[in-house]
Structure formats: C-alpha cells, structure tokens
Amino acid sequence: MPARRLATPPREEFAAGFARIRGALGIEDAYPEAALAEATIAAAQGPTDPPGRSPGRTDRRDLALVTIDPEGSTDLDQAVLCERRASGYRVSYAIADVAAFVTPGGALDDETRRRGVTLYAPDGRVPLHPPALSEHAASLLPDGDRPALLWTLDLDAAGAVERAHLEPATVRSRAKLSYAEAQRRIDAGTDPAMALLRQVGELRLAAERDRGAVSLELPEQEVEDLGGGHFRLAYRAALPVEHWNAQISLLTGMTAARMMLDAGVGLLRTLPPPDDATIVALRRAAGALGIPWPEGVRYADRIRSLDPELPTHAALLHQAARLLRGAGYVAFAGDRPPAARHAAIAAHYAHVTAPLRRLADRFANEVLVAVAAGATPPSWALDALPALPDLMADARRREGALDRAVVDLVEAVLLRDRVGEVFDATVVTRDDRRARVLLADPAVVADIAVDGGLAPGALPAGTTVRLRLVAADPASATIRFEAEAP
C-alpha cells in the first residue's frame, strides 16, 4: 500500500488514552521495589555466572560486531558480524546474556515471568526487564564490554550451516546502527561487513524459498511518534536490510532448535500448517480475485510472489494471513515432540535471539549453553520449561490487545474532525456480515458492516470502494464507515 503519511496536531486524548488502555489491560510500568532493587544491584555489580553454568567466558572483544535495530532503540539483544571463509562465510552472532543478571527464583525472575514480553506503545515501552538492565548493563550498546552468548556459524558457499558453536563470551559492539543507516552503508558499498550481511541474507532468503517457507509481505500499520504530542499513522514498508538481518535471527533459531532436538530437551516455537481444505479455499479466493494459481505451484511460492501494492494481491495476502493461526510453544524433555515444526518457517525453530524483550529466550538459551558444553542444563532452567508455553501465550494475548487498542485510539483521534468525508479503500477480506478494508490515506484498517441495503455479493475482496466516515469517537476508540452507493 502507499507509504503516505498523515500528521496531526497534538491531542490531549493521546496521553490520557494510552494510559487508559494500559490500565484496562492491567499493564503496569512500575516494577515492584524488590525486583527493581535486584536489577539495580546486578547492573552495578556486573555479570555473574548463572547457577549451574560452568564458569568463565571467552574474550571475543576482537570481533567487529554491530547492532542493527529500529531508530532510537536502546534494548539491544543482538550484534552481528559476517566474514568470508575460504569455502563460505562465518557469522558471529552475539546475544545478550540476560541470565548473567537475573537470579533464578528471585523477585526479578518472578516479575519477568508475570510480564512475559516488552510491550511497546507510541508514548514509550513497558520493559520486560528494568532499564538498568534492558537499556544499560545487559544491552549490547557500543559503550563498553558486555556479557553475551556468542554463536559462531560457519556456512558453506550456499549459506547452509556446516558448523555451529555457542559459548559465553565477552564482546564489545562497535556501532549501533539503525536500519536506515545500515541500508545506507550497504547501498554506498563502503562497509565490507555490511555487504557480506547482504550476501548471506540473500542466500538464506533463497534457502527459505527452496524449503517452502511462507513470507507474507503485508503492509504494516504503524503509529509514529513525531514528538511534542504529535502522532501519525503510516503503512511502513521494510527496508531490504531488515529482511537480511532477520535471516540471521531465523538461522540462529533454526540451528538452536536442531541442537535442542538432538539433545532431547528444550523449547520450540511452533505453528501448525493449514489443512488441505483451507488451501483449497484460498485457491478459490485467488480465482475469484482473478489471480492465476497454476496446478503444481506450491502455496508458499504463490503467496511469496504476490505484490502487496496491487489491491487484489493485498486482499489475497490478508486472507492467507488468516491461515497462519495457532502459533505457540512446546516444551519437551526426552521424546521428540510431535507436530513441533513452524509451518511459516518450514522448519523446527526456537526463540533464542531476544532475551531482553522475551521471557522464553533466557531459559532456552541456558539449556543451549549447557548442551553446547556437553553438560546437563541447570535445574532452574529445566523446571521453568513446562510453564513457559502458557506464560508466553498470556503475554502475547496482552501484547496483541495493546497493539489493537492503541491503533484503534489513534485512528479515532486522527479522524474525529473528518466525519462526513469520503475516502478510497480496498476490500481485503469479507464474509456475509462484514468486510475489512484498508484506507490508503490515512493509513487506516477498518471493518464495515455488509448491510444497509447492500446486496449480499457487494464489496468483493480486492475491489476499491468509496467509504463515508460517519463516526469517530476517541472515548470509545471506535470509528465507523459506510459504503457509498456505486
């Protein structure tokens, strides 16, 4: 969809509305005193070896690692370096060693289990770990030495893993790059390491296509903070470097999953595949939208080839996204878990690369450190595994509810003074009762009822419609459109 922007004057509803949303969802920014004290002391004292881990760290401050994150990020989980080998590539990937700061069974451990994930809103974040850790002592900022779990991944010329090694290490990031700055370095050809990130990323994208992974290039609706109480809505298109960088994280998560499965213990991220009936229904939807889908073309390949800038393709992408439901986690110790693959990734996969912002990663990483060293994982990590799927499910539900409520509020505030105006929109999904539409400008996603005299076959997916805004209420965070008669 178009990446146009809508700026708005400051509205007092934003600050009050965001606070109201957090209150309704039970989201508390303040940490309990005991947990905050633990974090403060841990940050001041520096990293220690977690219980049950063999002592010592490898000094890898020689590695020219950099972080690549959204502009302004300070909770930096990963730092990367890509290098040439005689027969391929070496990827060094440092992950923040959060377990070096959190005492198992302590107040901080308890509070992070309650939170589950870092929550983001336009006016700030509610961190999983207090800022003394998440934005300072444990974050891989380029201002000094940091403890990390260092992956060394040797790849062949096609980007496949030949050797993987994981160890606790001391590292020092060289630079904190935004996505835009990393892309500029790549485009300018001035940074050899960034050029190699592109090469490795492209190889991994090719491998992703070959194994039948599903890539949904949906336009991302984003609330941007312009400062001074100003916000706008936009459809954000990812830069190429974001895809290449994400491939390093995916590669690490897939390697971690294989290590866990070989060891017979761990925590996997899972997603069930769509069944045959669902694929048939999607093929029919493609036919109705006039999108060819030849026999023999795989579901993943057809979805990957769609162009989200085309209205009919955007509609099919949104319908395909509805297939990818049921993501979760499975913990195991002993037998290989059944149905434990991630359908979208088309492989076994584990969350291990974001421990500052995601609870599960800390425990999965500690299992892996032990497995890599040929040791038994510590009891505090093993004992936590069975509860993590439910803890993470609760956290993800809260995260999704916050995201939806924030966007609903911003849409209502931005559109409050535009009631009565008519907008162009694209229908992306529909059923017998309602249709979901995307407005190009402003970047709004809305549902409209299929009633009011409209024929049952009206508003087919993929068509452009004219909508009149009939209500926008910031107090209830709702907007309402009605379709204009053709």
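How are α2 and α3 oriented to each other? The model is predicted, with local features requiring pLDDT of at least 70 and side-chain atom pairs pLDDT 80 or more, while totals for chains, interfaces and linings use all residues. Residues are numbered from 1 along each chain as its sequence is written, and side-chain values use heavy atoms, without hydrogens and water.

**View A. Crossing of helix α2 (residues 33–45) with helix α3 (residues 107–115).** The two axes (lines fitted to C-alpha atoms over the stretch in contact, with angles from 0 to 180 degrees between N-to-C directions) come within 7 Å and cross at roughly 115°. Helices α2 and α3 are therefore roughly perpendicular to each other (65 to 115 degrees). Contact (heavy atoms within 4.5 Å) is made by Ala34, Ala35, Glu38 and Ala39 of α2 with Ala107, Leu108 and Glu111 of α3. These comprise five nonpolar, no polar and two charged residues.

**View B. Crossing of helix α7 (residues 240–263) with helix α11 (residues 359–372).** The axes of α7 and α11 come within 10 Å and cross at roughly 65°. Ala256, Met259, Met260 and Ala263 of α7 meet Ala364, Leu368, Val371 and Ala372 of α11. The contact of α7 with α11 has eight nonpolar, no polar and no charged residues.

View C. Glu366 is buried (under 20% relative accessible area), with a relative accessible area of 2%. Leaving aside residues up to four places away in sequence, Glu366 touches Pro50, Arg53, Ala99, Pro378, Trp380 and Ala381.

How values were computed: Helix = DSSP H or I, 4+ residues; strand = E, 2+ residues; numbered from the N terminus. Nonpolar A, V, L, I, M, F, W, Y, C, P; charged D, E, K, R; others polar. Parallel < 35°, antiparallel > 145°, perpendicular 65-115°, else oblique. Buried < 20%, exposed > 50% of the residue type's maximum accessible area, 1.4 Å probe, protein only.
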